[in-house]
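Please have a look at it first, and then I will go through some parts of it in turn.

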Amino acid sequence: MIRVVEVREDKQVLNKALIFGGLGLAWILSNPHAIWAEAKPQAETEPQVGTEPAETEPQAEIPQNFAEWCARRESLPAAAKRTVSVILQQVGTYNCDRASETLSTITHLDLSTSQLIDLTPLQSLESLNSLRLINNQISDLSPLAPLKKLTVLDLSYNQISNVAPLKSLENLRALNLSYNNISDVEPLNSLSDLNELNLNNNNITSIGSLKSLESLTYLFLRGNPIADRTCPINPKYICQFQSETSQET
């Protein structure tokens, strides 16, 4: 019976065959496993994937003032770049240093109907007392948290659902959040100096958390699905649940 064995062309195998001659070659062919164990080179260990830490690109530092936002505007995301451009138009100069100097002294800024989404370039404008952002596309209010000198803030006609970033603005006297997507107003209960709060046309179902706002003289709540229309603040007429036309009828 003839036994066919596949023998790899390995130098050590061939050398054994040459040393032992014909008898050696016959022995190798009849005992391939013995010589293969001696001749088989060790398998190279493949490097494990993921053992080396992946290189991460360094994150760009957030600009610390408006001059830096302005200087980097060409490399900013489109929404932030738009905001910087609108601010420059408002202050009447495209010179970054001059614009920053002007913004460090002004107390009132109106950026209404400007198609704004990203408010991040505003976060360094800490001298502002009044800010109007009516009729934009704003949903994230977190960049406004550092603006603690604000007394008047108008954010009506936007896309806001989370008002939690406003709870630090304790100097606010007038706040307009009408025509948004707000359902939870509890974060506003820290704004104890508020005189006027406009929440018309949102998704608010409960206003009991606003009872701490004892300085209010006007609380507008029209166009909300509020189940219990008991005003949490005295006197009760402070709460305006319906339009004057509806009240008359």
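This is a predicted model: local features need pLDDT of at least 70, side-chain atom pairs count only at pLDDT 80 or more; totals for chains, interfaces and linings use all residues.

Is L116 buried or exposed? Its relative accessible area is 0%, and because that lies under the 20% limit, L116 counts as buried. Beyond its neighbours within four places in sequence, L116 is in contact with several residues, among them R82, T83, V86, L133 and I138. Although V84 lies 32 residues away from L116 along the chain, the C-alpha atoms of the two are separated by 9.9 Å.

Let me turn to the sheet, where 7 strands run in the order 1-2-3-4-5-6-7, forming an open sheet with parallel pairing. Strand 1 (108-110) and strand 7 (239-240) are at the edges with a single partner strand each, so one side of each has no neighbour in the sheet. Further in the order, strand 4 (residues 174-176) pairs with strand 5 (residues 196-198) in the parallel sense, over 3 bridges, and within this pairing A174 has E196 of strand 5 as its bridge partner.

Next comes helix 5 (residues 96-103), whose buried residues are C96, A99, S100 and L103. Viewed down the helix axis, these buried residues fall within an arc of 100°, so they line one face of helix 5. They pack against helix 3 (66-71) and helix 4 (78-91), whereas the face turned away from the buried side carries the exposed residues D97, R98 and E101. At the start of helix 5, a side-chain oxygen of N95 comes to within 3.2 Å of the backbone nitrogen of D97.

Finally, how many salt bridges are there? The count comes to 4, and I will describe two of them. R132 forms a salt bridge with D154, with the closest N and O atoms 4.0 Å apart; this pair links distant parts of the chain, since R132 is in strand 2 and D154 in strand 3 (residues 152-154), 22 residues apart. R132 is partly exposed at 33% relative accessible area, while D154, at 9%, counts as buried. D193 forms a salt bridge with R173, and here the closest N and O atoms are 3.6 Å apart.

Technical notes
Residues are numbered from 1 along each chain as its sequence is written. Side-chain values use heavy atoms; hydrogens and water are left out. Buried means under 20% relative accessible area, exposed over 50%, partly exposed in between (1.4 Å probe, protein chains only). Helices (H or I, at least four residues) and strands (E, at least two) are DSSP runs, numbered from the N terminus. The arc is that of the directions from the helix axis to the C-beta atoms. Contact means heavy atoms within 4.5 Å. A polar contact is a pair of N or O atoms within 3.5 Å; within protein, one must be able to donate a hydrogen and the other to accept it, and residues adjacent in sequence count only if both atoms are side-chain atoms. Two strands pair if DSSP finds at least two bridges between them. A salt bridge is a side-chain nitrogen of Lys or Arg within 4 Å of a carboxyl oxygen of Asp or Glu.
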